[in-house]
Amino acid sequence: VGVWGGGGGGIYKKTEASLLQKKKKILRLMASKVFQGLKSSFSNFSRLSKEAASKISANTLEQNHAKLTTSAVDFWATTVTVIPQNYRAAKIEFGHFWNKVKDLPNLTVGQVAFGAVAVFEVYGCFVLGEIIGKRQLIGYPVKPHPKPGHH
């Protein structure tokens with residue numbers, strides 16, 4: 001029987017086997033490269049975290065407290081100075097909103113859709129806050145009432 005048929009496949013089986021071996025070899029090589037990359041990434045992360053920990057632990061408690069206090073003061077100073085700017089911006093934005101409400105019949109479909117989406121987002125945030133606050137999805141936790149006669 002010739003090369004093209006019958007007789008157990010001959011050269012084709014050898015070719016398939018060699019291709020399979022090559023594929024396995026390539027996969028092993030790729031897996032080792034990935035593993036080496038992960039290993040080096042982990043060692044870099046480990047080294048960097050150790051460096052950060054040593055920098056933090058090198059400071060005394062007083063130094064860390066001073067840095068934290070300075071950061072807190074900077075945060076509140078920035079927050080307090082930004083409040084008037086935010087108030088003015090909110091006032092202007094509310095003015096634009098109120099002008100749209102006064103001109104309700106002349107709103108476009110796009111403006112109404114945009115408003116509906118905004119209202120839906122606010123309602124969604126409210127519902128999400130309720131769920132988080134209740135710590136359950138439906139209803140409020142109800143404590144069982146004590147039996148009459150037990151105070």
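Me: Which residues form a nonpolar patch on the surface, and what is their accessible area together?
Reply: This is a predicted model. The patch consists of Phe94, Phe97, Trp98 and Val101. Their accessible area together is about 400 Å².

Me: Is Phe94 buried, partly exposed or exposed?
Reply: Phe94 lies in helix H2, which covers residues 61–102. Buried means under 20% relative accessible area, and exposed means over 50%. Phe94 has 49% relative accessibility, so it counts as partly exposed.

Me: What volume does the largest pocket have, and which elements give two or more residues to its lining?
Reply: The largest pocket has a volume of about 350 Å³. Its lining includes Glu93, His96, Phe97, Lys100 and Val101. Also among the lining residues are Gln111, Val112, Phe114, Gly115 and Ala118. The elements that give two or more residues to this lining are H2 and H3.

Me: How far does helix H3 reach from its first C-alpha to its last?
Reply: Helix H3 spans residues 109–134, a run of 26 residues. At 1.5 Å a residue, 38 Å is expected. The helix comes close to that, with a reach of 37 Å.

Me: Which residue just after H3 takes a positive phi?
Reply: H3 ends at residue 134. Just after H3, phi is positive, at about 60 degrees. The residue is Arg135.

Me: In what order do the elements of the protein run from the N terminus on?
Reply: The protein has 3 helices and 0 strands. From the N terminus on, the order is α-α-α.

Key. Residues are numbered from 1 along each chain as its sequence is written. This is a predicted model: local features need pLDDT of at least 70, side-chain atom pairs count only at pLDDT 80 or more; totals for chains, interfaces and linings use all residues. Side-chain values use heavy atoms; hydrogens and water are left out. Patches are made of residues with over 30% relative accessible area and no salt bridge: like charges are joined within 9 Å, nonpolar side chains (Val, Leu, Ile, Met, Phe, Trp, Tyr) within 5 Å. Accessible areas come from the Shrake-Rupley method with a 1.4 Å probe; for residues, only the protein chains shown count as cover. A salt bridge is a side-chain nitrogen of Lys or Arg within 4 Å of a carboxyl oxygen of Asp or Glu. Helices (H or I, at least four residues) and strands (E, at least two) are DSSP runs, numbered from the N terminus. Buried means under 20% relative accessible area, exposed over 50%, partly exposed in between (1.4 Å probe, protein chains only). The expected span of a helix is 1.5 Å times one less than its number of residues. On a 1 Å grid over the protein atoms alone, a cavity is a set of points where a 1.4 Å probe fits but cannot get out, and a pocket is an open set with protein on both sides within 12 Å along at least five of seven lines; lining residues have an atom within 4 Å of a point. Grid points are joined across faces, edges and corners, and a volume is the space filled by probe spheres set on the points.
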